[in-house]
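Dear colleague,

I am passing on a structure for your files.

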Amino acid sequence: SAVYAASIRKGLCKIPNLPRQIFWPLVATYFGLIAERSFRAFWPFFTVLLSLLALGLLNIHATISIDVFWFGLSGAGVLVFGALVWGAWKFRPPRLEEAFRRLDRSLPARPLQGLRDYQRLGASDPISKEMWDAHQLRLEGEVRKARPVPPDLSLSTRDPYGLRFSALFLFTLGLIFGSVWNLSNLQSSASLRNPAVLDVAQWEG
């Protein structure tokens, strides 16, 4: 986070005519954009992960046959890896300018954009210069009202069937009716159900 903050501070210094008081609202808005894009890109990964954890908590692996166990374990690995790769492919780190525009849109009259403007006409006219300075002062007053823009974490369009809620509900059931020890037994269950181990045991028997 310190690296991101230093990067934002460096980028902010390159933007002219901006008051220093918008630094922290801009930082918070930028991190909100990161959270928003991470949530949208990686929700399938966390949905699959929560579902698999719920099945492990409920000790489902101990109630199925060997073939189904290994088929499900292989499929689970493919699903987790695929969802992670899909999320990494979809995720795009936000730029400082995007956080700047979002923060600016949250304020009336978009004062941040106005403070970046220069007086191109009438700069040598005292009256025009005075009006421009008054306009800039008014915009600076509006900028002082800047507050961090919260991220939009809505996924209704990306997950219309509510799969994430189903996974969360299943995970909650696993926490209530299952046990964390069932997850620790998964490795021993996998080794006991390993076909190679079974073949050796049968040969020795």
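Notes on the second largest pocket and its surroundings

By class, eight nonpolar, two polar and one charged residues make up the lining of the second largest pocket. Please keep in mind that the model is predicted.

The volume of this pocket is about 200 Å³. Its lining consists of Ser38, Phe39, Phe42, Trp43, Phe46, Thr47, Leu50, Leu155, Arg164, Phe165 and Leu168. Two helices, H2 (23–57) and H7 (163–177), each contribute at least two of the lining residues. H2 has the largest share, with seven residues.

Phe46, one of the residues lining the pocket, also belongs to a nonpolar surface patch, which it forms with Leu49 and Leu53. The area of that patch is about 230 Å². Leu53 lies in helix H2. Its relative accessible area is 30%, so Leu53 counts as partly exposed.

The remaining note concerns the loop between H2 and helix H3 (66–90), where Asn59 is located. Most residues other than glycine have a negative phi. Asn59 has a relative accessibility of 25% and is therefore partly exposed, since the buried class is kept for values under 20% and the exposed class for values over 50%.

Regards

Terms used:
Residues numbered from 1 in each chain as written. Predicted model: local features only at pLDDT ≥ 70, side-chain atom pairs only at ≥ 80, totals over all residues. Heavy atoms only, no water. 1 Å grid on protein atoms, 1.4 Å probe; cavity = no way out; pocket = protein on both sides within 12 Å on 5 of 7 lines; lining within 4 Å. Points joined across faces, edges and corners; volume = space filled by probe spheres on them. Helix = DSSP H or I, 4+ residues; strand = E, 2+ residues; numbered from the N terminus. Nonpolar A, V, L, I, M, F, W, Y, C, P; charged D, E, K, R; others polar. Patch = residues over 30% accessible without salt bridge, like charges linked within 9 Å, V, L, I, M, F, W, Y side chains within 5 Å. Areas by Shrake-Rupley, 256 points an atom, 1.4 Å probe, with all protein chains shown as cover. Salt bridge = Lys/Arg side-chain N within 4 Å of Asp/Glu carboxyl O. Buried < 20%, exposed > 50% of the residue type's maximum accessible area, 1.4 Å probe, protein only.
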